[in-house]
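Try each task before reading its solution.

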Amino acid sequence: MSDIDLRSVMGEFATGVTAVTLNGDEPHGITVNAFSSVSLEPPLVLVCLDHDTEAHEQLQSGEADGYCVNILAADQQILGEHFADMAEEDIDPFEDMPTTTAETGAPVFTESLGYVDCSVHEAVEAGDHTIYIGSVEAVEQLEDKDALTFFEGEWGQL
């Protein structure tokens with residue numbers, strides 16, 4: 001089995017798209033589709049971050065100790081592209097898009113479908129990624145719009 005084989009098969013699994021923002025000194029974000037609920041009691045969610053990313057470095061070093069998972073709407077594809085380093089358009093989402101903060105201080109994109117704001121509960125090393133399990137500090141459903149999806153390497157909507 002090769003990396004390409006695994007990536008190809010995993011691409012058959014349609015996912016939603018999130019922009020995970022961090023509560024460090026400088027605003028930072030990363031596109032993540034490896035996001036899941038872990039537990040309702042206590043409320044826990046997880047995101048998986050590649051070791052070669054700035055987001056992973058900030059959380060690992062303690063520069064950031066919390067993150068906000070912004071669930072992207074279909075009309076926010078530019079955010080997904082930007083934070084995945086796939087954007088053709090040059091934007092500064094923290095300046096160009098409306099944001100606020102919740103409990104952890106990580107940016108919340110107010111036009112997203114909703115957000116889950118987390119403090120880091122646990123970090124679990126798993127291959128070339130770290131699974132960051134977050135204690136849910138705040139949640140809110142914000143918009144009632146179509147969801148942004150990713151399937152077979154293509155952006156879509158649901």
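Helices (H or I, at least four residues) and strands (E, at least two) are DSSP runs, numbered from the N terminus. Keep in mind that the model is predicted.

**Exercise 1. Backbone geometry**

Task: find where Pro-42 sits, and state which residue a cis peptide bond joins to Pro-42.

Solution. 
- Step 1: Pro-42 belongs to the loop between strand S4 (35-40) and strand S5 (43-50).
- Step 2: Look at the bond. Glu-41 and Pro-42 are joined by a cis peptide bond, with omega about 0 degrees.
- Step 3: Most residues other than glycine have a negative phi, and most peptide bonds are trans.

Solution. 
- Step 1: Start with Asp-85. Its phi is near 55 degrees, a positive value in a residue other than glycine.
- Step 2: Move to Glu-152, which is not a glycine and has a positive phi of about 50 degrees.

**Exercise 2. The salt bridge**

Task: how many salt bridges are there, and which residue pairs with Lys-145?

Solution. 
- Step 1: Side chains of opposite charge can pair when their charged atoms come close.
- Step 2: Apply the cut-off. A side-chain nitrogen of Lys or Arg must lie within 4 Å of a carboxyl oxygen of Asp or Glu. The count comes to one salt bridge by this rule.
- Step 3: Identify the pair. Lys-145 bridges to Asp-75, and their closest N and O atoms are 3.2 Å apart.
- Step 4: See what the pair links. The two residues connect distant parts of the chain, 70 residues apart: Lys-145 is in the loop between S10 and S11, and Asp-75 is in the loop between S6 and H3.
- Step 5: Check accessibility. Lys-145 is partly exposed, at a relative accessible area of 28%, whereas Asp-75 counts as exposed at 54% relative accessibility.

**Exercise 3. Surface patches**

Task: which residues form the negative surface patch, and which make the nonpolar one?

Solution. 
- Step 1: Take the charged patch. Asp-25, Glu-26, Glu-54, Glu-57 and Glu-63 form a negative surface patch.
- Step 2: Examine one member. Glu-63 sits in the loop between helix H2 (54-61) and strand S6 (66-71). With a relative accessible area of 39%, Glu-63 is partly exposed.
- Step 3: Relate that value to the rule. Patches are made of residues with over 30% relative accessible area and no salt bridge, so Glu-63, at 39%, passes the accessibility part.
- Step 4: Take the nonpolar patch. Met-1, Leu-6 and Met-10 make a nonpolar surface patch of about 390 Å².
- Step 5: Examine Leu-6, found in helix H1 (residues 3-10). Leu-6 is partly exposed, with a relative accessible area of 42%.

**Exercise 4. Contacts and distances**

Task: is Ser-135 buried or exposed, and which residues does Ser-135 touch?

Solution. 
- Step 1: Ser-135 lies in strand S10 (residues 129-141).
- Step 2: Buried means under 20% relative accessible area. Ser-135 has 19%, so it is buried.
- Step 3: Not counting residues up to four places away in sequence, Ser-135 touches Pro-43, Leu-44, Asp-117, Cys-118, Ser-119 and His-121.

Solution. 
- Step 1: Phe-13 lies in the loop between H1 and strand S1 (15-16). Phe-13 is exposed, with a relative accessible area of 58%.
- Step 2: Neighbours within four places in sequence aside, Phe-13 is in contact with Phe-150 and Phe-151.

Note on methods: Residues numbered from 1 in each chain as written. Predicted model: local features only at pLDDT ≥ 70, side-chain atom pairs only at ≥ 80, totals over all residues. Heavy atoms only, no water. Patch = residues over 30% accessible without salt bridge, like charges linked within 9 Å, V, L, I, M, F, W, Y side chains within 5 Å. Areas by Shrake-Rupley, 256 points an atom, 1.4 Å probe, with all protein chains shown as cover. Lys, Arg positive; Asp, Glu negative; His and termini not counted. Charge placed at Lys NZ, Arg CZ, Asp CG, Glu CD. Buried < 20%, exposed > 50% of the residue type's maximum accessible area, 1.4 Å probe, protein only. Contact = heavy atoms within 4.5 Å.
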